[in-house]
Amino acid sequence: MPHMTDQPRIHLGTLLRTSDDAHAEGELDHLNYEQGNEHQTLHFAEAAPYEIDVNSLGGDDMYLQGTFEPTLVMECARCLREVHVPLELQLGTLMRFDPSVEKPHLDEADTGEEILLFGEPDVDLSGYLAETTILAAPLSVLHAPDCKGLCQVCGHDLNEGPCEHMAQVPVEEIDDDLGTPEGTVHARQNPFAALKDLALPE
Ligand SMILES: [Zn+2]
Ligand SMILES: [Zn+2]
């Protein structure tokens, strides 16, 4: 059974010595990672299972593959209520052991492919999983395809009924390009840009 872990770690010491495959699995309710030089935390709506295998490609090169299924907590782009966005990520990344690397991080290999560099056999995959998750997250989501949004004058949630300003908000201002059901992907990008589509008062 998967167990809840604080950090997704995989130990590659044996793989580096004998080329035996390595395996790790567990569940995460959050991921700590660094962006710029700031500590960030990605919280999940429910336990997010991961399963990871690493195979030797010879020498210090290896290949990571597996699955990660986090459920993101985002805001509806129109009414700002909480939306749970389940993702099913297929992982597949080259890895390379380089003792001069301080923290595991993604870099670009000579071939242009992404490569996860690490300097210690006990690899913390937090940053890798966080970056993969953020890249796969939709740019914006709606809690329902027909979300009516907030009144631009008083902020009233129009899903709960009209307010006195209702007649002044032309229907055309609601962008139907965003008509995706809960949890579906609108566009690739990071979850922190979710406010982009919010219609603000002039
Ligand atoms: Zn909404
Ligand atoms: Zn209003």
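Two helices and ten strands make up the secondary structure of this chain, and what you're looking at is a predicted model.

**The chain as a whole**
- The chain has 202 residues, and 22% of them are buried.
- Take the contacts with a separation of 6 or more: 55% of those link residues 24 or more positions apart.

- Mean pLDDT for the chain comes to 85, with 80% of the residues at 70 or more.
- Go carefully around residues 183-190, where pLDDT stays under 50. The model still gives that stretch 19 contacts beyond four places in sequence.

**The largest nonpolar core**
- This core has 32 residues, and the ones touching the most other members are Ile10, Val54 and Leu129.
- At least two core residues come from each of these elements: strands E2 (22-35), E3 (38-56), E4 (61-68), E5 (71-75) and E9 (114-118), plus helix H2 (126-136).
- E3 gives the largest share of the core, with six residues.
- Who does Ile10 touch, if you skip its neighbours within four places in sequence? Its contacts are Ala22, Ala24, Ile52, Val54, Val123 and Leu125.

**The E2–E3 hairpin**
- E2 and E3 run antiparallel and are joined by 13 bridges.
- The two strands form a hairpin, with two residues between them. One to look for in the turn is Gly36, which has a positive phi of about 65°.
- Across the pair, Glu25 sits opposite Glu51 of E3.

**Thr67, in strand E4**
- Thr67 belongs to strand E4. Is it buried, exposed or partly exposed? Thr67 counts as partly exposed because 13 other C-beta atoms lie within 10 Å, while a buried residue needs 20 or more and an exposed one has 12 or fewer.
- Leaving out residues up to four places away in sequence, Thr67 touches Tyr50, Glu51, Leu89, Gln90 and Leu91. Glu51 is also the residue that Glu25 stands opposite.
- Thr67 and Pro49 are 18 residues apart in sequence, and their C-alpha atoms are 8.1 Å apart in space.

**Met74, in strand E5**
- Met74 is part of strand E5. It counts as buried because it has 20 C-beta neighbours inside 10 Å, and 20 or more is what a buried residue needs.
- From Met74 to Pro138 you count 64 residues in sequence, yet C-alpha to C-alpha they are 9.4 Å apart.

**Two loop residues with positive phi**
- Ser19 sits in the loop between helix H1 (13-18) and E2. Its phi is near 70°, a positive value in a residue other than glycine.
- Ser19 is partly exposed, so its count of C-beta neighbours inside 10 Å, which is 13, falls between the two cut-offs.
- Leu80 is in another loop, the one between E5 and strand E6 (82-86). Phi is near 70° for Leu80, which isn't a glycine either.
- Leu80 has 16 other C-beta atoms within 10 Å, so this residue is partly exposed.

Definitions and conventions: Residues numbered from 1 in each chain as written. Chains lettered and ligands numbered in written order. Predicted model: local features only at pLDDT ≥ 70, side-chain atom pairs only at ≥ 80, totals over all residues. Core = buried A, V, L, I, M, F, W, Y, C linked by C-beta atoms within 7 Å. Helix = DSSP H or I, 4+ residues; strand = E, 2+ residues; numbered from the N terminus. Contact = placed C-beta atoms within 7 Å. Pairing = 2+ DSSP bridges. pLDDT = per-residue confidence, 0-100.
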